[in-house]
2 protein chains.
Amino acid sequence: MINKLLGKGLDVESTKKLDHKKAIVKLLIDNENTIPEICQHLQLSVPTGTKLIQELLDGGILHNLGKKDDAITSGGRRPKLYGVNTKDYFIIGVDIQLQEINIAILNMKNELVKKTRYTSYNLQNSKECLQTTISIIADEIKAFDIDNNNILGMGVGITGRVKIATGDSYNFLHIDNKPLSHHFKESFDCPVYVENDTMIMTLGEQSFGLGQQLRNFVFVNLSKGLGLGIISEGTLHTGKSGYAGEFGHTHFFDNNRLCICGKKGCLGTEVSGHGMEEIFYEKIQKGEQSKLNPADFKKRINYHQIVNAAIEGDMTCMEIIQDLGFNLGKSLAGIINLLNPEAIILGGTCAEAGDVLKHSIQSGLQRFALPMPLKDCQIIISELGAKASLIGAGRLVLNEILNNG
Amino acid sequence: MINKLLGKGLDVESTKKLDHKKAIVKLLIDNENTIPEICQHLQLSVPTGTKLIQELLDGGILHNLGKKDDAITSGGRRPKLYGVNTKDYFIIGVDIQLQEINIAILNMKNELVKKTRYTSYNLQNSKECLQTTISIIADEIKAFDIDNNNILGMGVGITGRVKIATGDSYNFLHIDNKPLSHHFKESFDCPVYVENDTMIMTLGEQSFGLGQQLRNFVFVNLSKGLGLGIISEGTLHTGKSGYAGEFGHTHFFDNNRLCICGKKGCLGTEVSGHGMEEIFYEKIQKGEQSKLNPADFKKRINYHQIVNAAIEGDMTCMEIIQDLGFNLGKSLAGIINLLNPEAIILGGTCAEAGDVLKHSIQSGLQRFALPMPLKDCQIIISELGAKASLIGAGRLVLNEILNNG
DNA sequence: TCAAGTAAATAAAATATTTTATTTATTATT
DNA sequence: AATAATAAATAAAATATTTTATTTACTTGA
C-alpha cells in the first residue's frame, strides 16, 4: 500500500529514490515544511527535492497546504507549505489490556481521529478471545467506513512479553503457535505490527510534546503491573528479543510476597497497582480506616479506586501512594545513575495520582540518586495518559512502513 | 589531517562524496574488502565505488592488498582486496588510571602497535600532574618517531566523570577551568577526544571479537570501583551529559559503609576492588586466616593481591570473591531484566578472577533474573583485559573523525 | 504606490551516477 | 591444453542530480 503511494509502480524505482521519499514523508509527519527546508534537511538540491515532492503529491500521500504565512520575514517570495495527507489514509491503533481494549483511527500525522474504548473485555489466551478481539476491531473499522486500501497498517500494543520482529505475543492470544500479527494480517489484510504495551506507550511519548526533543528518557508504566520503556540515544531500546523493560521484577524488597514471576521480593509486589490493592487490604485487616470500606462494595476494591481516594485526601490511600512513590523513587534512582536520562515520564493509570505520587518519587530520588545525573533529569507526569498507547501504535506503524516496509 | 587523506583539498568536495569515502574507510577498518563487496554494502554502483576507492588510494589512506585468494569459488576473475593503510598513519591511545598510565600507538586498523605502561604514576587534579602526564605522552610519541602530520588523533580514557562533547574531565586534570582535551590539543596539535574509562573500555569490547556482532550488551568494569558501559541497539549509551553507567552507586546494601559519593549502602561499597579490601581487613580483624598476612607486608594489601590469592585457592579471599560475585549477579539480574542484553562482558582488573567470579555471578543471576531474558544473555570474561581501554581509545578517535571530523 | 531587496520556484547547463555492454582475468571441465 | 563458465574491471551510453542563471512572487521602505 505505502509503496503505491510513494510512487513505486510497475517500473522499478531505485532504493535511493524511495529512501528519499520515505525520509520526506517521515519529516512531514511531525512538521509541515517548505521545499527549501525539506531539501536542506535531507541534503538534496532544490530541483530534485521539488521533483520528489511533486511525485509524492501525484501519489496522493502529500498535500500542498498553501503559502506559508510567517509573521517574521525579511521579505521575498513566500514558500508553499507541504504536509502529509491527513484525510484519505489511516492507521488502526489497538491497545489490548487485561480488562479493556481501545481502538483508534489515526491519520498520517499520527493524530487520533477517533477512539473507542471497550471496557467489557477480558483478555485471555483462547481462540474465542482472539475471535472476539478481531470482530471488535473489524466493527470499529466498518463503523468508520474506510476502504481497506486506505489503511496503511495496524499497530497493536498488548500486555505481556512480545517479540516485535515476529509479532509474537507469548502470554496472550498465542493461538495455533502462530504470531498474533499473523492472525490479524489474515483478517485485516494490511501490515500489522505488534509490540509490548509499555514499549508502545514509550513510542507514543517520544512522538509527542516534550518527548520529541529528548534523546534519552525513561517512561514508567505504572498500572496493574510496573514496566519501563527506554529511549536510548534517540531509539527505543528493545534488547535482544524485545523483553527489555521488566523493571517490576527487579529484586527490591525483603518481603515475603510472591510475584507472578515466581520470585519473592520483586519491586512490583508493592510498587504496582496490584501491590497497592494487596497493601490496602492488609491495612484494612489491621484495622486502619478508609473512606473505601470493602463492606460497601460487591467487588474487590481495585487500584483505580485507591488512587482516586488518595487524590480526594483519604489518608490510608494517600499513605499507600506515598510509600509506593518513595520506593519507586528509590529504585528509579538506580535508573538515573545508570542511564543519565533527560527525563522520567510517569505514565500508566496510576500516574493519575499526579503530584502526590510525583513528590514522593522525588523524595526517594533525592535520597538515593547521584546529584549530578539527578540534576539532569526532569520528572514529568505524562500528558497523554491513556492515549499514549494508541499514539504509540500509530507511530510504530509509521516507523515500520517508512523504514523497512 | 583526515580530510587531507580523504582527498579534500583546496577545491570543495561535496559532503555526500566525503560521507561515502568515510563510510568506505570505516568499513575497511574492520574488514578487508573487494570493490564489489564495498559497493554492495554502501549501495553504490561499481564504477562510482571504484572511482572513490582510487581517490582514497591516491590520498594514501587505503592500500591495495593484492588479489583475494579464496579457497571456495565458483570461478571468475579474482577481485583485488583493499584495506586501510596500517603503516603510515597512527592514533595515540591514552588510558589514565589512578596509579598508572598506559600509552599506545595504534594503526588505522585499530590494532595495538606499541603499548607502554607507567606504574609510577599518581593521578591528581593538579597542574604538575597535567605537566607530567603531557611529558610522558610526548616522550612516548617521540620514542616511536612519528611525524606529527601522521597522527590522526588522540583518544583518552580517564577515570571519573567526563563529558565527551566538551572533553571535560571533572574529577581529575581539570585545570584553569578548561577541558582536558584543550590542554592536550595545545600540546599535541591533533584532534583529541576524552571519555570516561568505562565507556572507552566498552567501545574497545565493541570493536573486538564477540562484541562486534552484538547489538545489545553490557560491559562491567570491576576494578577499584564498579562501572558499567551499555551498548544499546548498537550505540554506546552515554546519557544526557555522559554520566551514564554509575552502577556502583545503586543503593543495594543495608550496611553502614560510607561511599565516596556520600551515601550509605551503595553497591560499590562491597562490590568493587575497594570493597574487597575493606572486607578483607574486617575478616582478618575477626581472626580469619589467610595466606595474605598483613604483618608480612609493608603496604596495605590491595585488591589485586586478594584476587590472586583467591585464584591460588586461599579460602578467605575466595569467600570474598564469591560473596562479591553473588551480589554482583543479584544486581546484574536487574540489568538483564531491564535491558535484555545479548551478553554481559566482565572486564576490569578484578575480572582476572575468572571462573570463580563468573560462577558466583551466575548463581546470583539464576536466582534473581527472569528466565527468558536470562536465557538470552551470555556471561563472558573479557579477552581484552587491560588492552580494552587502549583499543577503545583508538576506536573513539576513528568513530569521531569518520563521523564528524 | 513604486522601486529595491529578498527569497522561492523554475529552466538550462554542467556534473555525477548508474546501467548496460565489453573486455579481462580466473576457475572448472572436457 | 583448450574451451566454457564465471565474475571482476573497464568503457560507453543513458539517467539523475547538482550548479548556476533566470524568472516569479512577495516584503519593505521611501
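The model is predicted: local features need pLDDT of at least 70, side-chain atom pairs count only at pLDDT 80 or more, and totals for chains, interfaces and linings use all residues. Residues are numbered from 1 along each chain as its sequence is written, with chains lettered from A and ligands numbered from 1 in the order in which they are written.

Two copies of a chain are related by a rotation about an axis and a shift along it.

The protein interface pairs 36 residues of chain A with 36 residues of chain B in contact (C-beta atoms, placed from the backbone, within 7 Å). On the side of chain A that touches chain B, two or more residues come from each of helix 2 (15–30), strand 12 (226–232), helix 10 (315–339) and helix 12 (371–376). Helices (H or I, at least four residues) and strands (E, at least two) are DSSP runs, numbered from the N terminus. Helix 10 of chain A gives the most, with 6 residues. By class, this side has 13 nonpolar, 15 polar and 8 charged residues. Ala, Val, Leu, Ile, Met, Phe, Trp, Tyr, Cys and Pro count as nonpolar, Asp, Glu, Lys and Arg as charged, and the others, Gly among them, as polar. The copies meet through the same surface, because 100% of the interface residues of chain A are also interface residues in chain B.

DNA strand C is surrounded by 24 residues (near means a C-beta atom, placed from the backbone, within 6 Å). The closest are Gly76(A), Arg77(A), Pro79(A), Thr48(B) and Arg77(B). Helix 3 (35–42) and helix 4 (46–59) of chain A, and helix 4 (46–59) of chain B, each supply at least two residues. Helix 4 of chain A gives the largest share, 3 residues. The surface divides into 7 nonpolar, 11 polar and 6 charged residues.

DNA strand D is also surrounded by 24 residues. Thr48(A), Arg77(A), Gly76(B), Arg77(B) and Pro79(B) are the closest. At least two residues each come from helix 4 of chain A and from helix 3 (35–42) and helix 4 of chain B. The largest share, 3 residues, belongs to helix 4 of chain B. This surface has 7 nonpolar, 11 polar and 6 charged residues.

Key
Two residues are in contact if their C-beta atoms, placed from the backbone, lie within 7 Å.
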